[in-house]
Amino acid sequence: MSGTPSDIKLIDENGIRIDGRKADEMRPLKIEAGVLKRADGSAYLEWGKNKVIAAVYGPRECHPRHMQNPAKAIVQCKYNMMSFSVSDRKRPGPDRRSIEISKIISEALENVVFTENFPRTSIDVYIEVLQANAGTRVAGLTAASVALADAGIPMKDLVPAVAVGKAEGQIVLDLNKEEDNFGSADLPIAMIPRTGEVLLMQMDGHMTMEEVEIALGYAKKACQEIYEVQKDALRRRYAAQAGAVDEDDSSDEEA
Ligand code: CDP
């Protein structure tokens with residue numbers, strides 16, 4: 001995050017951002033659940049120019065065994081960015097950033113899954129970023145919680161997440177790449193709308209208390225919106241499954 005180069009104006013005199021959005025407007029979000037056959041649960045998400053896939057396996061035997069917890073399951077998340085997901089080729093394999101993001105997503109999810117129901121097991125969550133345009137950690141977490149629900153893993157609630165930031169001295173919702181690069185603050189947040197519980201909150205840059213208040217207000221409203229998209233993805237998934245079962249039943253009857 002650095003100062004804005006003079007030739008890049010992130011917000012115009014009418015308060016419109018470079019991608020045409022207003023300050024409190026989110027990029028278009030689409031989620032599809034159950035996209036992978038092999039995984040126990042999965043989800044594909046497009047959020048603006050971000051494209052992310054999440055796959056869930058488990059609860060299954062925890063390896064390495066010394067990581068087993070006799071009282072509950074552990075949630076192990078692996079966040080990865082494809083080499084071709086960013087404009088400069090990303091060196092394949094884990095780096096400090098992906099280890100950090102994997103950790104914070106694991107911790108957020110561990111707080112919603114009823115881990116005590118599955119002692120000694122591991123719930124493995126894989127997040128692959130196919131195309132990145134800022135906000136991939138919140139996109140990954142949003143997709144991962146849909147994939148967990150798709151896997152039928154009992155959990156308190158879905159986890160919608162969004163980043164709020166500051167560009168040209170203004171608080172803006174759901175930063176795009178330019179705003180992330182040249183803006184002055186980035187605050188990713190995950191919040192359960194039903195309870196207001198915050199499962200993830202990070203801060204890069206500076207905001208005043210008043211700005212944080214505005215940012216939290218934007219995040220709360222956006223999380224409600226994201227939550228509806230998540231629920232809709234699961235509804236469509238189960239409707240499709242129920243349709244397939246009905247078809248099987250009727251072909252049985254015909255036979
Ligand atoms: O993606 P998110 O905003 O959660 O994390 P970030 O570390 O703030 O990264 C912001 C953005 O920088 C990413 O979404 C990518 O678009 C970009 N990036 C990149 O171009 N190359 C990298 N090696 C890492 C990030």
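This is a predicted model: local features need pLDDT of at least 70, side-chain atom pairs count only at pLDDT 80 or more; totals for chains, interfaces and linings use all residues.
I take helices (H or I, at least four residues) and strands (E, at least two) as DSSP runs, numbered from the N terminus. On that basis I placed Ile-18 in the segment before strand 1 (29-33).

Residues are numbered from 1 along each chain as its sequence is written, and side-chain values use heavy atoms, with hydrogens and water left out.

**Entry: Ile-18**

I looked up the cover of Ile-18 and found a relative accessible area of 43%, which makes Ile-18 partly exposed. My classes are buried under 20% relative accessible area, exposed over 50%, and partly exposed in between (1.4 Å probe, protein chains only). I then listed its contacts (heavy atoms within 4.5 Å). Setting aside neighbours within four places in sequence, Ile-18 touches Lys-9, Leu-10, Asn-176 and Glu-178. I also checked Ile-18 against Asn-111: the C-alpha atoms are 36 Å apart in space, and the residues are 93 apart in sequence.

**Entry: aromatic pair**

I searched for paired rings of Phe, Tyr and Trp (its six-membered ring), with centres within 6.5 Å; planes under 30 degrees apart are stacked, over 60 edge-to-face, the rest tilted. The search gave one aromatic pair. The ring centres of Tyr-57 and Tyr-126 are 5.8 Å apart and their planes stand at 80°, so I logged the pair as edge-to-face. Tyr-57 belongs to strand 3 (residues 50-61) and Tyr-126 to strand 5 (residues 121-131), so the pair ties together parts 69 residues apart in sequence. Tyr-57 is partly exposed at 24% relative accessibility, and Tyr-126 is partly exposed at 27%.

**Entry: whole chain**

I counted four helices and 10 strands in the protein chain. From the N terminus the order reads β-β-β-β-α-β-α-β-β-α-β-β-β-α. The C-alpha trace spans about 70 × 50 × 40 Å along its principal axes. I compared the radius of gyration, taken over C-alpha atoms, with the globule rule of 2.2 Å times the number of residues to the power 0.38. For 255 residues a compact globule would come near 18 Å, and the 19 Å of the protein chain agrees. Of the 255 residues, 45% count as buried. Among contacts between residues at least 6 apart in sequence, I noted that 67% join residues at least 24 apart.
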